[in-house]
Structure formats: C-alpha cells, structure tokens
Amino acid sequence: METQNTKNNIFVTLAIPLSIIIAALVIALAVFFSGGSNAGQVAVNQPQVPTAQQPPQQEGDLEAVRPVDAEDHIKGDINAPVKIVEYSDFECPFCKRIHETLNTVVENDSDVAWVYRHFPLEQLHPVKAQRAAVASECVAELGGNDAFWQFTDGYFADTTTGNNRTDQDTLIPELVAEIGIDETAFNECAVSGRYDDHIAADFQNAVDTGGRGTPWSVVIGSDGKVLPLNGAQPQSAIEQIINLLK
Amino acid sequence: MRSLISKWRYAAIIILVSLGVFTFVISIQNWQLISSLWFSDIGTLSQKLILTLTLYTSIGTNFTFLSATTTVLTSILFGVNIALLVYYIKKVQGGAKTAFSGGATSMGGLLSGLLGIGCAACGTFIATSILALFGVGALLGLLPLGGEEFGIVAVLLLGYSIYRIGKKINSPLVCEVT
C-alpha cells in the first residue's frame, strides 16, 4: 500500500514538470523544423539548386540579396532610401495578399521602392507558377517596366488566381491583349525558354537570403541595413519596418 | 468549469498559458524578422517592442481563415486544459494517472496544432518540413485541406481532454466496490 502511495506521489510530482518538458521539446522541435532563425535552419534532403523547385530549408544570409539595378522590375524610385525586394510566386495566395498591401505602401510613401523577383514553388504549383513568371518577363521585354506591373497587378487582382487553380489559358492572353502586347511576339517569347535562367537565378537568390516559402522579402535601408519580411505581414508592420530603415 | 474560471488563480493560468501558446505560434511564424530585429542595432527598444507586438495582428493576414481559427482555439483550449490539470491534481490526491493521461492528450493536441501552423500553398507549413524529414512530405498533398486538418485534430483532441478531465473533476470521490 505504501509503495502504491509513493508511486502515486511520484506521478503527482512529475505530471506537471513532465508536461512542461514535453511542451518544451515540442516547441524546440517546432522551432527547429520551422527553420526559425537565419542561422539555425535545418537542412533537409532537398536540392539546393532549383531543379525541382520546392520550399528550401537551408540557412540564408540576408546580405546575399542581389543588388537592385535597372534590370529589376521596380515600382517607385530606384534611388528611394528603402527598397523592398520581394520574391514572389504568382500562384501563392499570400503573395496575392501582400501584393495588394505593397501597392498601397508604395503609393503612400515615395521613400519606398518595390522590387519584384521570382520565387516560383514548382513543387507546390507545378507548371503554372513558372509559366506565369515567364509570361511576366515576356511582357516586360515587349512592353517595358510599366507593362510588367500591369501584368502582375492584373494577375494577382484576378480572383480566380492562386493555388494552381488559375485558368492561365484564358487569363494570360487576356492580360497580354489588355496591355497591348503583340500576341505573336509574346507567344514566341513564352516558349523560347530565354527567361528560365533569369527566373532560376531569382529563385536561388531568394534561397540564399533565407527564403523558405512565399512571399519572402528583404527590406534594404538607406544605410544598407536589412530586415527580412516573411509572409503576408500587415501593412502597419511593413510601415514600421520601413520607418526603422529610412 | 464555471467555478474554475471564477477563481482568479485558474483564470490567470488560462490567460497566461493561452497567451503563451499564441505568442509562440506568432513568434515561430515571424522568427526571422524578430531575431534579426532584436539582435541588431536597428531601432530603439520601444520601436522593437511595438513592431514585435504589431506582429500579433499577422494572425489576420498571414494565416488562412481556418488556420487562424484553429490557432486561436488551440491556444485557448490548451490554457483551459492546463488550468484543469492543475485544479485536478490539487483537488485529488493520487489523481496522477488521470492528470498524466490528460496531459498527454493536451500535448498531443498542442503538437497537432503546431503542425497545422503555416500556409501549405506557400511552403511555410511546419508539417511540410517535418514530414519531408521522414521522406513523406508528399502525403500532405493527399489531404483534402493540404494539412490544415492538423489544426482541426488539435481542437478535437484538446476538447476531448477537457471533457475527460472535467468529467473526472465532477465525479464524486468514492471508493469503488471491487
């Protein structure tokens, strides 16, 4: 009887601490697997090169962000004190969400420039994410920077887009016609494959800077200081980051 | 349950644990920003604090509706679970077995809830990383909600755990005839 009581007492004593330890383990596991910090991300058996593009897990370095230049797709002044370099996937629903937010942010603040780079997650959005990225590049080639932004705004604004459910056979030609791009030249460009390397380079740069999913952004301040922005953050948080980096 | 909540000590446990779990979920979603911000000389202490607190509102922008709902529910239900467990252990001497199994169910619920965090369509899903480690990441694609089922399982497990502990608390303390 005494032994039974002692056993029960041990259970009573251990129940809460044990629960806390298990919780701590769960938490540690979650942080570990979520690749929480730039320095401590777990390297799982995924390719480091974007041959089979999927959410990467390796560590990143924000400083590895490729310098912004005139070749980039920029909304706002290229010399603005703060630049938001966004790595995006046309088929990601949260990219659609942040696209709308960043449009508002850039409209409201002339000290901010928004740079759009590609981060198509081929494993999650096979074919369509890449096809949309290529289409946007072809539109940029044939119509310039404004045409590129008209295309991206139009693509993300379309309520049917996202989660690889977009009817691209309808939407892309519609947008191309609306923007006034020559259809024949566009079709030639779209199948040429000449932007594949460029898109792969954007993807790799996203990975190098620590991007693990989309939308992934690196905010660069006037003095070169950088902060990451993962996911579709609220406008107020983005504005605070901008003010910190001005 | 009502009498439990009316006692400030247990109400405090519910609030603190719920807030702790919710803070943790928001933190792991924004860990890169939080760590970069706090471990740099960017901004003053108050600016860092305000920005960090602002990130709580990312529950409305950075989560799907289902994921946000299950995250909030998981946080609250886990808080209630812990308060009930503490109450039960204090009330019933030798109630360790129930407390232990209740604790295990709660932890299972919390774990499942954590797996349900993120956006499956954006590659930021915690479950994706964990399952990929075991080479079964593609399994998520077979689930109709792409893995958000984990959040629903969490709410169900935590609800069940509360039901079980509540039932035990309300049971009269009698010596059963064997």
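What share of the contacts in chain B with a separation of 6 or more comes from residues 24 or more positions apart? The share is 69%. This is a predicted model. Chain B has eight helices and zero strands, while five strands of chain A form an open sheet. A helix of each chain lies across strands of chain A.

**Chain B**
- The pattern along the sequence is α-α-α-α-α-α-α-α.
- Chain B has 178 residues, and 53% of them count as buried.
- Its accessible surface comes to about 8600 Å². Carbon and sulfur atoms hold 73% of that surface.

**The sheet in chain A**
- The strand order is β1-β3-β2-β4-β5, with mixed pairing.
- β1 (73–75) and β5 (226–230) of chain A each have a single partner strand, so one side of each is left without a neighbour in the sheet.
- On average, neighbouring strands of this sheet are turned by 20° against each other, direction ignored.
- Strand β2 (residues 82–88) of chain A runs antiparallel to β4 (residues 216–220) of chain A, and five bridges join them.
- In chain A, I84(A) stands opposite V219(A), a residue of β4(A).
- In general, strands of a sheet pair through backbone hydrogen bonds.

**Helices across the strands**
- Helix α2 (residues 93–108) of chain A lies across β1, β2 and β3 (112–118) of chain A. Its angle to β3(A) is about 155°.

Conventions:
Residues numbered from 1 in each chain as written. Chains lettered and ligands numbered in written order. Predicted model: local features only at pLDDT ≥ 70, side-chain atom pairs only at ≥ 80, totals over all residues. Heavy atoms only, no water. Helix = DSSP H or I, 4+ residues; strand = E, 2+ residues; numbered from the N terminus. Buried < 20%, exposed > 50% of the residue type's maximum accessible area, 1.4 Å probe, protein only. Contact = heavy atoms within 4.5 Å. Areas by Shrake-Rupley, 256 points an atom, 1.4 Å probe, with all protein chains shown as cover. Pairing = 2+ DSSP bridges. Axes fitted to C-alpha atoms, helices over the stretch in contact; angles between N-to-C directions.
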